[in-house]
Amino acid sequence: MSLGDYLRLLRARRRGVTPWEIEEATGLTKGLYRQMEQRYRAMGDDDSIRILADYYGVPFDDLRWRLDWSRKALNRTLLALALDQRPLTLHLWNGQVATGAVVWWDLGAVALNVGGDEPLIVQRHAVERWSPRLAEAHATHDGAGEEDAEE
Amino acid sequence: MAENLWALREQKKISVATLANRAGLPIGLIMEYESGQRGIDPRHLGRIARALYIEESNIKLQSDPRPGAAPLERQPAWEAPRGAPPPPPAPPASAPPPMRSRERPVRPRMEPRPSRPPRTPIPPRPSQLLHLENVLKRLKMTVAELEAEIGKPIAGLDRGAFSTLLKDLQVKMRETPLPTRHRAYLPESVDEFEGRYLTAAQAAGDLLHFTLFDGTPATGVIVGFSPYSITIRDAAGAEITLNKLALVSYRKLAGGQEPVR
């Protein structure tokens, strides 16, 4: 689960406190929290993550490692593996592991051919980590999911 | 106290030409006013005063000649010297008038410049080719159709022409928005491909098995979905709305198949 997804989950557990209220309570720069939650690329730095870890009462490391597993990074891997027709393994938040060829993906979900007639539709916000992990893959892609929703 | 025009002009440190230009009067007329050959026409007085930024009353209507200056002379009319042959008879009205001395002489025709060698067309950038490919995909057009539309082959276009073509196609693309184009507002919301999948599953009445974050399973057919939730009807006929954020995964179940945990 990317940092943004995890922050959204934590916020949901706080009964939906708004990003603006969090920014006001923590003193974060205006708009930063919303960007950390919603942008597909890694947003935020150690200082802002530490502030949010204090706010939510979770360990700093539990937030920090997620910054390196952004949605954008998953896009690169999905693209490369789809082009090479190599299988992808997704480690999901509930402990489930799904391995298979990428059928399609968009901004919200990934369809994996895990065997059988029907693909498994995995919600991207449930993806904790994946393998193989590719730092940089092919440069451009015309399919869905390559760009940020707001970029 | 009124002063001579030439004195006022020199005080302002401007030339006769500048004064004439500012006042909108012929330069020769200004010179005649300054030399005293002619009194300033009252109709021109205001213009000259404004051009010099002074009051009309400051200007003498009849200037005294500048001390030591030769009287302004006009070019005398041409007269034939004594004993010279009489001038030629006037040409007929249809003939072109003879060239006057003030007209510019005809310049000798310049040698034509050697023509530049034709420029080598610059080929389009690879990014332009890729962009065209993507735009055609969006417009659901083939290269052949595009070539028929523009009336020339794509291969013959240089970089500039390619750029113009891409601009035109982008305008066309904006004017024909694709109904499937969709971008999720929030990351967990239903996006394009998942939307298609859910729509097809709903239309077919497929049975889906959902796994939630807390481990709760849910199985049913799709009644409907919104960007942030999916509503299903379970075997007992109860409708359950599942929040997208609470979902981990889901999958269609074949007839009689057990849910995958």
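This is a predicted model: local features need pLDDT of at least 70, side-chain atom pairs count only at pLDDT 80 or more; totals for chains, interfaces and linings use all residues.

Helices (H or I, at least four residues) and strands (E, at least two) are DSSP runs, numbered from the N terminus.

Some totals for the chain:

| Property of chain B | Value |
|---|---|
| Buried share of the 261 residues | 31% |
| Share of contacts with a separation of 6 or more that join residues 24 or more positions apart | 51% |
| Accessible surface | about 18300 Å² |
| Part of that surface on carbon and sulfur atoms | 57% |

Here, buried means under 20% relative accessible area and exposed over 50%, with partly exposed in between (1.4 Å probe, protein chains only). A contact means heavy atoms within 4.5 Å, and areas come from the Shrake-Rupley method with a 1.4 Å probe.

Now for helix H7 of chain B, residues 159-175. At 1.5 Å a residue, its 17 residues should span 24 Å, and the end C-alpha atoms are 24 Å apart, which agrees. The expected span is 1.5 Å times one less than the number of residues.

Phe162(B), Leu165(B), Leu166(B) and Leu169(B) are the buried residues of H7(B). They cover an arc of only 100 degrees around the axis, so they lie on the same side of H7(B); the arc is taken from the directions from the helix axis to the C-beta atoms. These buried residues pack against helix H5 (126-139) and helix H6 (143-150) of chain B. On the other side of H7(B), Lys167(B), Arg174(B) and Glu175(B) are exposed.

Residues are numbered from 1 along each chain as its sequence is written, while chains are lettered from A and ligands numbered from 1 in the order in which they are written. Local features need pLDDT of at least 70, side-chain atom pairs count only at pLDDT 80 or more, totals for chains, interfaces and linings use all residues, and side-chain values use heavy atoms, leaving out hydrogens and water.
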